[in-house]
Amino acid sequence: MLSLHVRAKREKIVAVADIGSGSAGVAVVAISPHGPARIIAAERRRLPFEERSVEATITGIAAQLSSAAEKALAVYRASPAGGGASGAVSPISSAYAIIRVPWTRSKTIRALSKFPEERQVTGPMIAEVAKAAFATPSVAGDEELDAANILESSVVRVELNGYPTAHPIGRRAHTLGVSVLVSDCDASVRKNVAETMSRVFACPPPALRSGTRALLTVLRESPAFPDDCLIINMTSNATNLIVVTGGTAVRHTRIPEGVRSIVKRIGETGLPEETLTLIRMLAEDRCESEACKATSAAIARAEPDLARIFGEAMGRIAATERLPNALILAVQEDMAPWLSQFFSRIDFTQFTVTTQPFEAAMITHKEIADMVTFSVGVTPDPGLSIAGALVNIESRHD
C-alpha cells in the first residue's frame with residue numbers, strides 16, 4: 001500500500017482540452033514520469049448540427065468547453081484518484097489546450113546558414129537561424145498567418161550539411177538548416193479557452209498548442225506511424241492537410257470542408273445525426289435497410305464533388321513534390337471508417353509518389369497506448385488521446 005501511495009504521489013494531475021470547430025473535449029489526466037499518461041475523466045460536448053455564423057460558433061464552442069470542463073472536473077473529484085468520498089482531492093496543477101482548425105493555422109518555414117569554415121553548432125546559433133526564417137521573403141509576404149496572433153513557434157528540424165539530426169549541438173558543420181513550425185490562432189477563441197480553463201480548474205492560464213503541433217509530436221513518438229505521410233486532420237467545419245517528410249511537416253493547406261458539410265451533402269433531407277450513423281454502418285457493411293440504400297445512393301452522388309475538392313487541395317501541396325502514399329486520418333470515429341475507404345478508393349494516384357492509391361490508416365487510442373491510457377469506465381476519445389499523449393511527451397522533455 002505504501003509503495004502504491006508513493007507512486008501515486010509522483011503523478012502530476014493536469015487538465016487538457018481539445019477544441020475543434022463543432023465540439024470541445026476536456027480530460028483530467030495523471031502524468032507519470034515513467035509510463036503512459038492516464039485519462040481519469042473525460043467529457044466531450046458537441047454543438048447541434050445547424051447553420052450558424054462564425055461568431056455564433058465561437059460562442060457555442062466556449063459554452064460547450066465550459067460545460068465539458070465542469071463535468072470532467074466533477075467526475076474527477078468523485079473518482080478514487082480525485083479523492084472520492086474522502087475529500088482528499090489531488091489538486092490540478094496546470095492545464096493545456098489543443099486548438100485545431102479552423103481556429104489555428106500552421107506553416108513550416110525554413111532558413112539555411114552557410115559558414116566559410118566548419119563550425120561547432122551551438123544553441124544560440126540554431127536560435128539565430130530560426131529567427132532569420134521569419135525574415136525570409138516567403139514568410140514576410142505571407143498573408144496566411146496573422147503576425148499579431150501568433151500562438152506558437154518551435155524548431156521542428158535541424159539539418160547539418162543537409163542531413164537531419166536530433167542532437168546537433170556540439171557537432172561540426174559547414175551548413176546549418178533550421179525548420180520552424182509557426183501557428184496563429186483566432187484571438188476570440190484563444191481568449192475564451194484561456195479564461196474558461198483557468199476559471200474551472202482554478203489554475204494558471206493553460207499552455208496552448210495547435211492541433212498540427214500536437215499531431216506531429218505524437219506521430220513522431222509512435223512507431224505505429226511512418227515518417228513520411230499525408231495527414232488529414234478533419235474537424236466539423238474544416239480540414240487541414242499536412243505533408244510530412246522525415247517526421248517534419250513541410251507543406252500545409254486548409255479547406256472549408258469537414259464532417260458537418262459532408263454529412264449535409266449526403267443527408268440532404270434527413271437528420272444529420274441519423275445520416276452520420278448510417279454512413280458509419282455502411283462503411284462497416286452492416287446496413288441493409290431502405291434508409292441505408294438511400295444513403296448509399298446519396299454518397300455516390302456526393303463523392304465526385306468531394307473528390308474534386310480534396311483533389312484540388314492535394315494538387316496545391318503536390319505542386320513541387322508528390323505526396324507520400326501513407327495517409328493518416330485524424331477525425332471523429334463516426335466518420336473515420338468511411339473516410340478511410342474514400343481516400344483509398346477514389347483515384348488520387350496522380351498526386352502520390354508511387355502513382356498508387358493512398359494507404360489510409362486511422363489514429364485511435366490503440367495506436368498510442370504506450371503514451372496514453374484510459375481509466376476503467378472512461379470512453380476513449382481520439383482528440384483527447386492525442387492531447388493526453390502530447391502532455392505526457394512534453395512533461396518527459398521538461
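Here are a few notes on strands β1 to β3, the α8/α9 pair and S198.

1. Before you start: this is a predicted model, where local features need pLDDT of at least 70, side-chain atom pairs count only at pLDDT 80 or more, and totals for chains, interfaces and linings use all residues. Residues are numbered from 1 along each chain as its sequence is written, and side-chain values use heavy atoms, leaving out hydrogens and water.

2. Have a look at strand β2 (residues 23-31); strands here are DSSP E runs of at least two residues, and helices are H or I runs of at least four, numbered from the N terminus. Nine of its nine residues are buried, so β2 is largely enclosed by the rest of the structure. Buried means under 20% relative accessible area, with a 1.4 Å probe and protein chains only. Both faces are covered: S23, G25, A27, V29 and I31 lie on one side, with A24, V26, V28 and A30 on the other.

3. What does β2 join up with? Strand β1 (residues 12-19) runs antiparallel to β2, with eight bridges, and strand β3 (residues 37-46) is also antiparallel to β2 with eight bridges. Strands pair if DSSP finds at least two bridges between them. G25 is the bridge partner of D18, and R44 in β3 is the bridge partner of G25. Three residues sit between β1 and β2 in their hairpin; the β2/β3 hairpin has five.

4. Lastly, S198 in helix α5 (residues 187-201) is buried at 18% relative accessible area. Beyond four places in sequence, S198 is in contact (heavy atoms within 4.5 Å) with C203, P204, P205 and P206.

How values were computed
Buried < 20%, exposed > 50% of the residue type's maximum accessible area, 1.4 Å probe, protein only. Axes fitted to C-alpha atoms, helices over the stretch in contact; angles between N-to-C directions.
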